[in-house]
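Me: Please take a close look at one part of this structure for me. I would like the helix packing and the core around it in one connected account.

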Amino acid sequence: MTLTELNHLSKTEQTASLEKCCGAAAWVQKMMAQFPFADKASLLKVAATQWWQCKPADWLEAFTHHPRIGSRETLAKKFSATVHWTVNEQQGTHGADENTIDALLAGNDAYEKKFGFIFIVCATGKSAAEMLALLQARLLNEKGTEIRLAAAEQNKITILRLEKLLA
């Protein structure tokens, strides 16, 4: 859709479109208050600004709207509204060998146990091995550092999804 089309959707349709890009209700509400947008650059700038004005609880809410990296079963069942984007975003896991996928799944478990939320990474353009290396490196972080890193990754994902929405 075009930005003009997005600007002219009903509030319900605008909300649903934004929710596909980021699952934090506070972010969606902040974005809804900004319509209409003059241009794509403004939309993307406001999206990032509003994201960083959200609270850590909002970030955690957004994280729950993503499947675990490498978890294809969850992807199809729980995230049907964004499955076409997520499959493309996690494309690097499709050709990965079984050992790498197993290590990703085990790493996801360790990460969730340590931090209390799933491993979030902007997977677009990354191989499974790259994502695994990032996961293993980030497991060494303190929780406060890690939630900010995860939030930065969520922001990248949101911006990419907004661009896809307007493609």
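What follows starts with the chain as a whole and then turns to one helix, its partners and the core.

Me: Which residues of α3 and α4 meet, and what does the nonpolar core look like?

Reply: A word on the source comes before the details. This is a predicted model.

Start with the overall fold. The chain has 10 helices and zero strands. Read along the sequence, the pattern is α-α-α-α-α-α-α-α-α-α. Of the 167 residues, 46% are buried. Take the contacts between residues at least 6 apart in sequence: 67% of these join residues at least 24 apart.

Now the α3 and α4 pair. Their axes lie 9 Å apart, and the packing angle is about 135°. On the α3 side, the contact is made by W27, K30 and M31. On the α4 side, L43, V46, A47, Q50 and W51 meet them. By class, the residues of this contact are six nonpolar, one polar and one charged.

The link between the two helices deserves a look too. P36 sits in the loop between α3 and α4. The peptide bond leading from F35 to P36 is cis, with omega near -5°.

Two residues of this region show the contact in detail. Take M31. Not counting residues up to four places away in sequence, M31 touches L18, F37, L43, V46, A47 and Q50. Then Q50, which lies in helix α4. Q50 has a relative accessible area of 10%, and the cut-off for buried is under 20%, so Q50 counts as buried. With residues up to four places away in sequence set aside, Q50 touches W27, K30, M31 and Q34.

A48 is in helix α4. A48 and A152 are 104 residues apart along the chain, yet their C-alpha atoms are separated by 9.6 Å. Neighbours within four places in sequence aside, A48 is in contact with N155 and I159.

Next, the core. The largest nonpolar core has 47 residues. Those with the most contacts inside it are L18, W27, M31, L43, W51, L104 and L162. At least two residues each come from α1 (3–8), α2 (11–21), α3 (25–32), α4 (40–52), α5 (56–63), α8 (98–115), α9 (128–138) and α10 (143–165). α10 gives the largest share, seven residues. In soluble globular proteins, nonpolar side chains tend to be buried together.

The crossing is left-handed. From α5, the residues in this contact are P56, W59, L60, A62 and F63. From α10, they are I147, R148, A150, A151 and Q154. The contact of α5 with α10 has eight nonpolar, one polar and one charged residues.

E153 is also in helix α10. E153 is buried, with a relative accessible area of 11%. The C-alpha atoms of E153 and F119 are 9.8 Å apart, and the two residues are 34 apart in sequence. Beyond its neighbours within four places in sequence, E153 is in contact with I120, V121, C122 and R138.

α8 and α9 pack at about 25°, with their axes 10 Å apart. Angles under 35 degrees count as roughly parallel, and α8 and α9 are therefore roughly parallel to each other. Their crossing is left-handed.

Key
Residues are numbered from 1 along each chain as its sequence is written. This is a predicted model: local features need pLDDT of at least 70, side-chain atom pairs count only at pLDDT 80 or more; totals for chains, interfaces and linings use all residues. Side-chain values use heavy atoms; hydrogens and water are left out. A nonpolar core is a set of buried Ala, Val, Leu, Ile, Met, Phe, Trp, Tyr and Cys residues joined through side-chain atoms within 4.5 Å. Buried means under 20% relative accessible area, exposed over 50%, partly exposed in between (1.4 Å probe, protein chains only). Helices (H or I, at least four residues) and strands (E, at least two) are DSSP runs, numbered from the N terminus. Contact means heavy atoms within 4.5 Å. Axes are lines fitted to C-alpha atoms, for helices over the stretch in contact, and angles run from 0 to 180 degrees between N-to-C directions. Angles under 35 degrees count as roughly parallel, over 145 as roughly antiparallel, 65 to 115 as roughly perpendicular and the rest as oblique. A crossing is left-handed if the near helix is turned anticlockwise from the far one by less than a right angle, and right-handed if clockwise. Ala, Val, Leu, Ile, Met, Phe, Trp, Tyr, Cys and Pro count as nonpolar, Asp, Glu, Lys and Arg as charged, and the others, Gly among them, as polar.
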